[in-house]
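Have a look at the structure first, then work through the notes below.

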Amino acid sequence: MPMKIPFFNYPALFKRNEDEIMALIRDVLTRGAFILQKDLEEFEDNLRRFLNVKFAFGVADGTNALILALRAAGIGPGDEVIVCSHTYVATAASVHFVGATPVLVECGYDHMIDPKAVEQAVNRRTRAIMPTQLNGRTSNMDELQRIADRNGLMIIEDSAQALGSRYKGKHAGTFGLAGTFSFYPAKLLGCFGDGGAVVTNDDRIAEKLFLFRDHGRNKDGEVVTWGTNCRLDNLQAAVLDWKLKTFDKEIERRREIAAAYHNALKDIEDIIPPPPPSNTSDQFDVYQNYEIECGRRDELKFYLSEQGIGTIIQWGGKAVHQLQGLGFENVRLPVTEKMTSRFLMLPMHTALSDEDVSYIGQAIKRFYDKKV
Ligand SMILES: Cc1ncc(COP(=O)(O)O)c(C=O)c1O
């Protein structure tokens, strides 16, 4: 009898802490504290401390976090921003929506933006590099910083998938002029709806973010510039602040699961698993996703679904330049295209038991042993 292991399991995660979550929500509702209240301020403060960064602003979602960061950086029409094509469409869309042009480049064999491709894409219109800190890993920030410094470019990190990941001890999202996060429910730190944040160490960027996310209003409530409504709800902030308290445990469990997957998969010739968790390498990975590469991807996916195991092909197996209707019809990125035909994500969340993880590993081994 096959087990049932869905790719994600929101109800199980809720059930585990139902009483605490309901008490938290009741408390916010009883106080009638919905918009820009103390729960948001406390969450921002705790997020800022966690990341060791000067400012953090809760915003509506990860996409708007990117748009706000780009606007605050003064990027607009006539500017180009270099983005990895193996990312969510939102990364490139945010550049489009501030009126600038996203320039899509290859990912390297580690699935992250390829610094060599970035270097080749720089021209006189380039204003910024926007690396995606993908799957819970931080890019090689030394290389990207070197390119940015040499060419006078800004770095804005799309860290939607990488809260808690580090490069040489420094948190994703805190390297560049600004960094953004998503709190979409399936994210490492997920809320019960949409949510996001922008962080920065720069006073001027912080001032703009403060105004832009709340109709251009200053601390006295006076409108002093054009802004929009892009606030993180207080209720979501309360949930996120509560989750942040045990976030280290979340990361630890994900790293345990990744280590178990790695052991199960490392000797299978057709599969390239992500690097195993390490405490000594430059990258401290937090495994937002466990994305493997494999030659027989579609067959394996089908076999696993028959065994009751949910898997997902991230973004439908398409890099941004492969999406229709966005104007990238003439862009060819052979490394990325080959990889997007091979990527597969295994379940990765803390409702998975050791037994689930071992069942998944065994099912994959069986698939290759039997040559089914
Ligand atoms: C890499 C990346 N960037 C941006 C986003 C957008 O975040 P949100 O869904 O909160 O708008 C996501 C969310 O899936 C993402 O994975």
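Picture a 1 Å grid laid over the protein atoms alone: a cavity is a set of points where a 1.4 Å probe fits but cannot get out, while a pocket is an open set with protein on both sides within 12 Å along at least five of seven lines, and lining residues have an atom within 4 Å of a point. Grid points are joined across faces, edges and corners, and a volume is the space filled by probe spheres set on the points. This is a predicted model, so to speak of local features takes pLDDT of at least 70 and side-chain atom pairs count only at pLDDT 80 or more, though totals for chains, interfaces and linings use all residues. Residues are numbered from 1 along each chain as its sequence is written, and side-chain values use heavy atoms, with hydrogens and water left out.

**The cavity**
- There's one cavity of 30 Å³ or more, and the largest cavity holds about 40 Å³ of space.
- Its lining includes A160, Q161, F181, S182, K187 and Q288.
- That lining splits into seven nonpolar, three polar and one charged residue (Ala, Val, Leu, Ile, Met, Phe, Trp, Tyr, Cys and Pro count as nonpolar, Asp, Glu, Lys and Arg as charged, and the others, Gly among them, as polar).

**The largest pocket**
- The largest pocket has a volume of about 640 Å³.
- Of the 28 residues that line the largest pocket, Y88, Q161, Y184, K187 and W315 lie nearest its centre.
- By class, the pocket lining has 13 nonpolar, eleven polar and four charged residues.
- α4 gives the most to this lining, with three residues (helices, H or I with at least four residues, and strands, E with at least two, are DSSP runs numbered from the N terminus).

**The ligand**
- The ligand sits in the largest pocket, meaning that more than half of its atoms lie within 2 Å of the pocket's grid points.
- α4 (62-72) and α5 (89-97) are the elements that give two or more residues to the shell around the ligand.
- There are 14 residues around the ligand, and G62, T63, D158, S182 and K187 come nearest (near means a heavy atom within 4 Å).
- That shell has three nonpolar, eight polar and three charged residues.

- T63 puts a polar side-chain atom 2.5 Å from a ligand oxygen.
- For G62, a polar backbone atom is 2.7 Å from an oxygen atom of the ligand.

How values were computed:
Polar contact = N/O pair within 3.5 Å; in protein donor to acceptor, adjacent residues only side chain to side chain.
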